[in-house]
Amino acid sequence: MSDCFKNLRIGTIDPSGEFIPGQPVVKRINSKELIVVEPYVAEWDGGSVVVETGFKHDLASIPRIFHVIIPKTGLHDGPSVIHDWCYVNLHKSRAWSDWLFLCCMRVAGSWCLRRNVMWLAVRVGGWIPWNRRVARQQP
């Protein structure tokens, strides 16, 4: 996983099926959660991840103490939605999902230091939600 996904792009799929680069279209459903209103996709040569309409998420799960350095919302919104979807669905592996998150933040234009700090945070702490999800799926 030394290089980012070749020709990676992120964006929404409008009702006609047209790809529109940019942030996800979401609607707030309560004080902590949002819902994806239009499919959101990360696609690259040879693959894609599609976040379906109706997916509930909390954007980036950033402790309040760090909001000064990393705001809850920003250019990392779309990559955070894709990352949450990968974790909820146990897509591929945790390392793969975290790498896709970093690459999507790069494509979205997130500041280099910010995206690397966020990536490091999910590498250090992401095992907790990932393993909880794995445990729930075991008989």
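**View 1. Lysine 92 in the loop between helix 1 (77-88) and helix 2 (94-108).** In this predicted model, local features need pLDDT of at least 70 and side-chain atom pairs count only at pLDDT 80 or more, while totals for chains, interfaces and linings use all residues. Residues are numbered from 1 along each chain as its sequence is written, and side-chain values use heavy atoms, with hydrogens and water left out. Helices (H or I, at least four residues) and strands (E, at least two) are DSSP runs, numbered from the N terminus. Lysine 92 is not a glycine, yet its phi is positive, near 55 degrees. With 58% relative accessibility, lysine 92 counts as exposed (over 50% relative accessible area; buried is under 20%, partly exposed in between; 1.4 Å probe, protein chains only).

**View 2. Asparagine 7, in the segment before strand 1 (9-13).** Here is another non-glycine residue with a positive phi, about 60 degrees for asparagine 7. Asparagine 7 counts as exposed because its relative accessibility is 54%.

**View 3. Tryptophan 44 and its contacts.** Contact means heavy atoms within 4.5 Å. Setting aside neighbours within four places in sequence, tryptophan 44 touches Phe5, Lys6, Asn7, Leu8, Val49, Trp96 and Leu100.

**View 4. The largest nonpolar core, with 27 residues.** Such a core is a set of buried Ala, Val, Leu, Ile, Met, Phe, Trp, Tyr and Cys residues joined through side-chain atoms within 4.5 Å. Phe5, Leu8, Trp44, Val49, Val51, Ile82 and Leu100 touch the most other members. Elements giving two or more residues to this core include strand 5 (40-44), strand 6 (47-51) and helix 3 (112-125). Helix 2 gives the most, with 8 residues.
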